Amino acid sequence: MANTFFGLNIATTGLYAANTGLTVSANNASNETTKGYSRQTVSQEATRALRVYQRYGAVGTGTEVTAITRNRDAYYDTKYWKNQSKYGEYNSKNYYMLELEDFFNDSDESGFSVEFQNIFSAIEDLRKTPESVEGRTAVVNYADSFIKYMEQIKTNLMLEQEDINAEINDNVDKINSITQEIATLNKQINVVELAGANANELRDKRELLLDELSEIVEIDTKEITYDNGKTEFYVTTAGKSLVNNYDYFALKVETRAEQADSDDAVGLYNIKWSYGETFDPIAQNVHGKLYALLEVRDGNNGEPEVGNKNSKAIDYKGVPYYVDEVNKFLETFTAKFNEIQAQGQDLNGDSGANTPIFVKSANGVYSVNKEILDNPNKLCTTKSIAQGTAAYDLLDDMMDFKNAKIYEGGTAIEYLNSMVTEIGIDTKRAGSLETNYLNIQKTIQNQRLSVMGVDADEEAMNLVKYKEAYDLSAQIISIMNQIYDKLINQTGL
């Protein structure tokens, strides 16, 4: 049978269990605002009863804490990670499309419409005094200003492409950093759990990293648990392994040997696995930030560059598409002005065919011919100077050109406005989808928090519950102490 002092042992187990409960509740309360923390609970059960040779047969031996477990639902985690990939994609698209929209910003006070109109207002003024050097200078300078404005848009697009390229590199580095840390955590988790404990905090840290990773690139996870408690954890993307339990597979960026588009910035990256195989999120339909960055950086609206074997069809209106649209406009605009100029003679009687108004450099940059900038008298206003310096028949042709529907069936302003409209539609779509996926993210996160989140009121109740349990066990010890005092010190006196 149990010895005389057995009651003291039982009360001691109650003290220990209540103290553990108090500790866990205090830990929960202190981590109420800790990102990624999963609420922990104490699993407690009665210890094995002691067999005694009495009518009642057995006597309880107290209680014990069997485990400290975290509250987490893997189903909600998986839902969250799938949504994060979509959110990351449209968050990045919205950010960069807003920048594209700013480049094409047009208003009544400034923008391409004003710059364009200034040219034809100056031509209209020149018609009044075609021989005027001042009027010719105004036309040439406004033309120069407009061309520089359009070239600045191209420059801004190229700079954005370079920024996106740098962010692609940063995200590849981030993926490698995260996957390496996950592989390390897998090992640490097994060290702890093979010793019989639960690696709650380590698992929380791993899932927080997966939250971050899933925003960059779409992932799948798998965990295998063996009978001895050992686990193996895998992370894959596009069917390729990012983390294979204790090992991780790095990605790298590699500078393109050849440009995918002749107007691309120099030094754009392709992504590869460290073992050499290409990783192409767009071709492999792997959503996330990387997917968005590559689409905006390389998107050509599904129209690869003719004659360029390195150009691939990417069905998104990204930087290359809008650079090509600006170039198409400038090609038509400058060619028409040069065609009119070639039909006339300048103030000196020289043919305009030898002095085009606009020129294009070897690297595709349009500008006003320096000869005309330096000497506006070379601007032709008439087909024949024999008609007199006041003749302005070519200026009439230039004015007619203003509203000519030669830009893919529309006028110059209609063509330019259509670009702004396209950007606006794509930006609005990206913004709407970003908002949608953000709302879904909040919904799923609330579902996760309903399981893993710390509730201050609940923990306060737990603190009271465990305190009372602790006080009761302490009271038992106090009573047992009185009994032992009576038994040992006062019996027989």
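User: How far apart are the closest N and O atoms in the salt bridge between glutamate 207 and arginine 72?
Analyst: This is a predicted model, where local features need pLDDT of at least 70 and side-chain atom pairs count only at pLDDT 80 or more, while totals for chains, interfaces and linings use all residues. Residues are numbered from 1 along each chain as its sequence is written, and side-chain values use heavy atoms, with hydrogens and water left out. A salt bridge is a side-chain nitrogen of Lys or Arg within 4 Å of a carboxyl oxygen of Asp or Glu. For glutamate 207 and arginine 72, the closest N and O atoms are apart by 3.4 Å.

User: How many residues apart are glutamate 207 and arginine 72?
Analyst: Helices (H or I, at least four residues) and strands (E, at least two) are DSSP runs, numbered from the N terminus. Glutamate 207 is in helix H5 (residues 200–216). Arginine 72 is in the loop between strand E4 (63–70) and H2. The pair links distant parts of the chain, and the separation is 135 residues.

User: Is glutamate 207 buried or exposed?
Analyst: Buried means under 20% relative accessible area, exposed over 50%, and partly exposed in between (1.4 Å probe, protein chains only). Glutamate 207 has 8% relative accessibility, so it counts as buried.

User: Which residue forms a salt bridge with glutamate 422?
Analyst: Glutamate 422 lies in helix H10 (residues 412–452), and its partner lies in the loop between helix H6 (289–298) and helix H7 (319–342), so the pair ties together parts that are 105 residues apart in sequence. Both residues are buried. The closest N and O atoms are 2.9 Å apart, and the partner is lysine 317.

User: Which residues does phenylalanine 333 contact, leaving aside neighbours within four places in sequence?
Analyst: Contact means heavy atoms within 4.5 Å. Phenylalanine 333 is among the core residues that touch the most other members. Its contacts beyond those neighbours are Phe116, Ile119, Phe146, Ile147, Phe358, Phe401 and Tyr407.

User: Which residues does asparagine 94 touch, not counting those up to four places away in sequence?
Analyst: Asparagine 94 sits in helix H2 (residues 74–103). Asparagine 94 counts as buried because its relative accessibility is 13%. The residues it touches are Thr427, Ala430, Gly431 and Glu434.

User: Which residue in E8 is the bridge partner of valine 243?
Analyst: Strand E7 (residues 240–244) and E8 run antiparallel and are joined by 2 bridges. In E8, the partner of valine 243 is tyrosine 248.

Key: A nonpolar core is a set of buried Ala, Val, Leu, Ile, Met, Phe, Trp, Tyr and Cys residues joined through side-chain atoms within 4.5 Å. Two strands pair if DSSP finds at least two bridges between them.
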